[in-house]
Amino acid sequence: MLIKARAKINWALNVLGQKPDGYHLLDMLNQRLALADDVRLNLAEGIHLSVTGMDNIPANQDNLAWKAAMLLKEHSRISQGVHIRVHKRIPAGAGLGGGSADAAAVLLGLNRLWGLDLSLKALRELGKSLGADVPYCLAGGFARVGGIGEEITGLGKGSELHLVLLKPPLSLSTKAVFQQRKGLPSTHPADIDRMIQALANRELSILQRFAGNQLQDAAISLCPDIKLAIADLVSVGAAFAQMSGAGSLVYGVFESEEKARQVHDFLKHKWDTSFCTRSIPS
């Protein structure tokens with residue numbers, strides 16, 4: 001079984017507060033990308049994992065894909081196992097939810113491969129213990145995401161927009177970015193309702209007025225190259241540029257695929273990790 005584990009971006013990210021258990025309450029606007037890891041599943045004895053495509057990605061119990069398989073196996077109390085083969089394209093520590101996407105792919109795939117017949121709601125409930133992005137990666141689509149990531153409201157078909165992604169060499173942990181944010185002044189929140197309208201109508205020129213990622217300033221203070229990546233994208237004609245998630249990856253939105261490809265060809269020599277991709281409508 002082959003499953004595409006798609007990256008996600010945050011068109012907007014507001015931090016609403018923090019729960020007593022330490023988890024942060026968020027209000028986000030998410031969409032999936034064509035950029036994806038390949039996750040292959042084969043029945044086996046025990047849980048096995050191999051990873052190709054990128055160095056420094058753990059192929060052991062620290063990997064969310066392995067954790068997802070073990071979580072589902074223990075929850076279902078079955079004897080079957082799986083060999084998980086992940087071919088990575090989504091960079092780690094980027095704010096694209098790569099590890100969460102792999103975990104979601106494993107949960108969805110094993111639910112079928114093992115014949116468990118669990119509902120999407122049940123999988124999302126399991127998935128939230130693995131990470132805040134896993135429930136969204138299970139649901140996908142153009143969606144508003146709240147709570148600690150488990151409250152997902154589908155918004156219908158989103159727009160297919162052409163993007164250039166730039167990732168600075170430094171990867172950031174979500175925990176470090178939230179910790180850094182505590183010492184900084186609060187930033188203006190995104191107007192998510194207006195963002196939804198602008199994206200639905202492809203009004204790219206006004207996205208910057210309503211957008212926002214309240215983790216961006218904290219991430220820039222840890223990784224100044226984020227600010228440089230945004231400036232590079234804007235200088236070559238991006239209608240809008242912003243950091244995704246807790247960073248460090250930045251995306252720029254362009255009017256056409258041709259323009260996005262031209263910009264990517266120009267910037268890829270400066271930025272070692274870069275992609276030309278598009279948002280997935282559903």
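Predicted model: local features only at pLDDT ≥ 70, side-chain atom pairs only at ≥ 80, totals over all residues.
Most peptide bonds are trans. The peptide bond from Gly-247 to Ser-248, however, is cis, with omega near 15°.

The backbone has other spots to look at, this time through the angle phi. Most residues other than glycine have a negative phi. Asp-117 is not a glycine, yet its phi is positive, at about 60°. You can find Asp-117 in the loop between H2 and H3. Is Asp-117 buried or exposed? Its relative accessible area is 72%, and exposed means over 50%, so Asp-117 is exposed. Arg-202 also has a positive phi, near 55°, and is a residue other than glycine. Look for Arg-202 in the loop between helix H6 (192-200) and helix H7 (207-210). With 40% relative accessibility, Arg-202 counts as partly exposed.

Now go back to the loop that holds Asp-117 and turn to the helices H2 and H3 on either side of that loop. Helix H2 covers residues 98-113 and helix H3 covers residues 120-127. The two pack at an angle of about 135°, and their axes are 11 Å apart. The crossing of H2 past H3 is right-handed.

Which residues of H2 and H3 meet? From H2 come Leu-107, Leu-108 and Asn-111, and from H3 come Leu-120, Leu-123 and Gly-127. Sorted by class, this contact of H2 with H3 has 4 nonpolar residues, 2 polar ones and no charged ones.

Next, visit strand S2 (residues 24-44), where His-24 lies. Buried means under 20% relative accessible area, so His-24, at 16%, counts as buried. What is His-24 in contact with, leaving aside its neighbours within four places in sequence? The list is Val-15, Gly-17, Gln-18, Gly-147, Ile-148 and Phe-178.

Our last stop is the cysteines. How many disulfides does the structure hold? The number is 0.

Key. Residues numbered from 1 in each chain as written. Heavy atoms only, no water. Axes fitted to C-alpha atoms, helices over the stretch in contact; angles between N-to-C directions. Helix = DSSP H or I, 4+ residues; strand = E, 2+ residues; numbered from the N terminus. Left-handed = near helix turned anticlockwise from the far one by under 90°. Contact = heavy atoms within 4.5 Å. Nonpolar A, V, L, I, M, F, W, Y, C, P; charged D, E, K, R; others polar. Disulfide = S-S within 2.5 Å. Buried < 20%, exposed > 50% of the residue type's maximum accessible area, 1.4 Å probe, protein only.
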